[in-house]
Amino acid sequence: MSVFAGEVKAPEFPPDLDWLNTHRPLRMSDLRGKVVLLDVYTSCCVHCMHVLPDLRRLEAKYPKELVVIGVHSPKYHAERETETIRRAILRYEIPHPVVNDRSLLVWRAYEVRGWPTLVLVNPEGEIVGRMSGEDVFEVLDEAILQMLNEFDARRMVNRAPLEFRPEPASGEPSFLSFPGKVLADESSGRLFISDTNHHRIVIASLGGGEVTGLIGRGSAGFVDGNFEMAQFNHPQGMALDGKMLYVADAGNHAVRRADLSRRTVTTIAGTGRQARQPNQAGPGERIALNSPWDLAVHQGVLYIAMAGSHQVWRMDLRTGRVQPHAGVGREARVDGPLPDAALAQPSGLTTDGRRLYVADSESSAIRSVDLDEEGVAETIAGGDLFEFGDRDGRGREVRLQHPLDLTYHRGFLYVADTYNHKIKRVSPEDGVAETLVGAGEAGLRDGESAQFHEPSGLCAAGDTLYIADTNNHAIRVVDLRTRRVTTVQITAL
């Protein structure tokens, strides 16, 4: 009897769905003889991002036998749009075909309960297993190897190559590629840009956008050294403390320090491997981190928005010790004492010197976290894990959609309301939120009725707000006096 005989046939994909990374729609019936792995995911989910490296390893190991198909089953309204998924495919560098399951038809047919879910289908088109969560390579590798041995013995493995067509890059070539965060330093007149998909930090003049320096070789890697040789992997948030620029190197699960005087990059926290435990503490160079996404520094302490473990961590810059600061390590929106509170993929961090403020992306909420370790976490504005939308107002009546960053400036929080393609202004004292700029539709338009496309980072200096307009590969600026938006013309070296 076959060890890998399935109980049911894999349901066929419904007709009329949009497909990406392929020149034609796929059918399960056309994939007989192949091992098929369905990755049911959604673009917003950090756990789904963590699965992608394992899928790449499997695709490289079984290039002729395995077909991976991404099933994008959305959480947010914005994620139903095929163009949004296409941009995310390019941003996450997904190589395999993806189907837009906008109405969750595939999700229901395969009885999926959460993201990410992996469904394994044998060469006869039968479902033989499923698993949820991260760290999937070893389990799937063993199952695929054994399955191939069994079906090879029955001469049922089809190794004929399948050709797919990857999505073309959008628009004209740009100096930036999916910039994730920005940091404006008014005192030195510099703008630091996380040029995320170019794996580097760009230093530009604050006023004119003239590039004055680059940190990083420009290719993915995990290498310390001088600015020309150092390598990052999808860097995100930054914090500046004197001559030291700290970088959340999200893809390397590390925090890096760039010495702007000596022009060197050093790893100060993280091992390069994703942490599997949410509550370990110790010397930074020995402790694994989990998708650090943003940073804030205050009085010798570096605070880390640890998106992958749904926590805020702290690092004593004098001793090098890292430890959790807020959050128990599960994805939820729970206020209360810091060790018992719960966050949901914190992706943006700022401080007014009294409290930390957090863009809690998966709860679509703005949270506050006390700097004192004996303090509490509170919700300032927004809803919960499945309470999102686009509504101004006060406190819990406010609706945001997957905000990825925020910055404190002159008594207000400015929020990158990413999936609403807007910038909101929030009062941290009473939770009143209003739309500052953004028409609410994806696009690239300057002026009083500006359009953005998934703005993911922002920072203020003087009367100007600087925005990393991620899907437009651009830096936008808002005049806070007139609310007029312009696009910075980056002048390359």
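Select helices α1 and α4: α1 passes α4 in a right-handed crossing (the near helix is turned clockwise from the far one by less than a right angle). This is a predicted model, where local features need pLDDT of at least 70 and side-chain atom pairs count only at pLDDT 80 or more, while totals for chains, interfaces and linings use all residues. Residues are numbered from 1 along each chain as its sequence is written, and side-chain values use heavy atoms, without hydrogens and water.

Stay with α1 (residues 46–61) and α4 (residues 137–153), whose axes lie 10 Å apart at an angle of about 25 degrees. α1 is therefore roughly parallel to α4 (angles under 35 degrees). Show the side chains of D54, R57, L58 and K61 on α1 and of F137, L140, D141 and I144 on α4, the residues that make the contact (heavy atoms within 4.5 Å).

Next, select T84 in helix α2 (residues 82–92). T84 is buried, at a relative accessible area of 10% (buried is under 20%, with a 1.4 Å probe and protein chains only). Its side chain reaches the backbone oxygen of A78 at 3.3 Å. Leaving out residues up to four places away in sequence, T84 touches A78, E79 and E454.

Finally, colour the open sheet of 5 strands, ordered β12-β16-β15-β14-β13 with antiparallel pairing (two strands pair if DSSP finds at least two bridges between them). At its edges are β12 (225–226) and β13 (235–241), each pairing on one side only. Zoom in on β15 (residues 254–259) and β16 (residues 264–269), antiparallel strands joined by 5 bridges. Pick R257 there: its bridge partner in β16 is T266.

Terms used: Helices (H or I, at least four residues) and strands (E, at least two) are DSSP runs, numbered from the N terminus. Buried means under 20% relative accessible area, exposed over 50%, partly exposed in between (1.4 Å probe, protein chains only). A polar contact is a pair of N or O atoms within 3.5 Å; within protein, one must be able to donate a hydrogen and the other to accept it, and residues adjacent in sequence count only if both atoms are side-chain atoms. Axes are lines fitted to C-alpha atoms, for helices over the stretch in contact, and angles run from 0 to 180 degrees between N-to-C directions. Angles under 35 degrees count as roughly parallel, over 145 as roughly antiparallel, 65 to 115 as roughly perpendicular and the rest as oblique.
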